[in-house]
2 protein chains.
Amino acid sequence: MAQQERAVRTRRAVLEAAAAVFAERGYAAATIVEIHSRAKVTKGALYFHFDSKAALAQGVLEAQISTEYRLPRELKLQEWVDAGMTLAARLPREPMLLAGVRLSADLQGRSIFGSAWPAWTELTTCFLAEAKARGEVLPHVVPERTAEVFLGAWIGVQFVSQAVSAWADLELRMSELFDHVLPAIAAPAVLVRLNTSPDRGSRVLAEAAAAAEAGAGPGAGV
Amino acid sequence: MAQQERAVRTRRAVLEAAAAVFAERGYAAATIVEIHSRAKVTKGALYFHFDSKAALAQGVLEAQISTEYRLPRELKLQEWVDAGMTLAARLPREPMLLAGVRLSADLQGRSIFGSAWPAWTELTTCFLAEAKARGEVLPHVVPERTAEVFLGAWIGVQFVSQAVSAWADLELRMSELFDHVLPAIAAPAVLVRLNTSPDRGSRVLAEAAAAAEAGAGPGAGV
């Protein structure tokens, strides 16, 4: 049992080191040597968990979507906004997410190790389909198509924010993106109740942390 | 006069060759040798017009915004949509535009040669400010901020289209992007009159070509 726990920890350390190296250098320039020495594990330990650089990249991409910060809300669309805004708040400081963005945008590499784009699109599609079933979304909206548009828009907004401010204005830009897309999809009565303020992400993260600390697990916030 | 005309032609040939090479290889891997041999001019002729690779990249970026396909419309917002949709139609087949997209997204290079992003943002800002002055745009819209959101969204949608379809679905994705952004900014009575169909760009290009052929110059189409 202790051995199993150690293996889980080693795997996580290797993945985090891989994410940091991929985020800094990109896939092509990353080396196994740098990853295992940064993870402070032997080459053998690394290869026990991941048999190639491509497998490491796949592991990083699979670790993108986490539910740890997802708090249930009265409106499903608010949950979608919260997912986007917490992502914007976390991205600049989490190498795992930065690596996911960079690997997914690697046009040469994605045929080797895939991309997180389908998982992100599926997540948005689920939120929107459920919101639609509840009547929060306008009848003409096709969740899959809106999810595709939003994926592209989010990738570009993120990229421009990186280029002009090293992500310092990412939360503001994400907030403005939601403000420009929601009127096309949300029912009017729902639209006015959505909170898309730039600090929404960090507030939700603080709320989730407080709930976790209280030992209560995710509660039904507003 | 003939000499001046030849100089203009040489400069254009060099710029087009530079665009093709930048679009294919990116700035770092492009060489002056490949550019002048592709342009079928001497190295001396190239240096007469552009004294460095950075100057070539700047020249390509300055050539991005062309007004040749801009036809006046009754609605200023339609002119903005037309600018976006004709860009989507032209991009996949025009190395000058592909090079502009690639150079502008070069995070290492843009400190050396700049970016076309400010020019694109300014163009959108102008369209939206004029549309707002005419009452076509909702009162709360800030043209500069919408232009920033749209720049990011357009860059990302273009990038996803490149990654998944080599730009084959760019017009469809651009049409869907406009459909997702316009409801947030257009006055309702204007919104229903805007044409954002995926074939809008190629139709406008055909119309502009016909007008040019008729020797009438850009006419006031609908």
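In this predicted model, A:E74 and A:R193 form a salt bridge (a side-chain nitrogen of Lys or Arg within 4 Å of a carboxyl oxygen of Asp or Glu), with their closest N and O atoms 3.3 Å apart. A:E74 sits in the loop between helix 4 (53-62) and helix 5 (76-90) of chain A, and A:R193 in the loop between helix 11 (188-191) and helix 12 (200-213) of chain A, so the pair ties together parts that are 119 residues apart in sequence. Helices here are DSSP runs (H or I, at least four residues), numbered from the N terminus. Over all chains, the structure holds 35 salt bridges. Side chains of opposite charge can pair when their charged atoms come close.

Across the interface of chain A and chain B, 4 are found; A:E176 and B:R145 meet in a salt bridge through their side chains, at 2.7 Å from N to O. Helix 9 (143-165) and helix 10 (170-185) of chain A each supply at least two residues of the side of chain A that touches chain B. Helix 9 of chain A gives the largest share of that side, 15 residues. By class, the side of chain A that touches chain B has 18 nonpolar residues (Ala, Val, Leu, Ile, Met, Phe, Trp, Tyr, Cys and Pro), 5 polar and 6 charged; Asp, Glu, Lys and Arg count as charged, and the others, Gly among them, as polar.

As a whole, the contact (heavy atoms within 4.5 Å) takes 29 residues from chain A and 29 residues from chain B. The area buried between chain A and chain B, that is, the accessible area (1.4 Å probe) lost on putting the two parts together, summed over both, is about 2300 Å², and carbon and sulfur atoms give 71% of it. A:V149, A:F159 and A:H180 supply 26% of the area that chain A buries against chain B, more than any other three residues.

Within chain B, helix 4 (residues 53-62) meets helix 6 (residues 95-104). The residues in contact are B:A57, B:V60 and B:L61 on helix 4 of chain B and B:M96, B:A99, B:G100, B:L103 and B:S104 on helix 6 of chain B. This contact has 6 nonpolar, 2 polar and no charged residues.

Residues are numbered from 1 along each chain as its sequence is written, and chains are lettered from A and ligands numbered from 1 in the order in which they are written. Local features need pLDDT of at least 70, side-chain atom pairs count only at pLDDT 80 or more, totals for chains, interfaces and linings use all residues, and side-chain values use heavy atoms, with hydrogens and water left out.

Notes:
Axes are lines fitted to C-alpha atoms, for helices over the stretch in contact, and angles run from 0 to 180 degrees between N-to-C directions.
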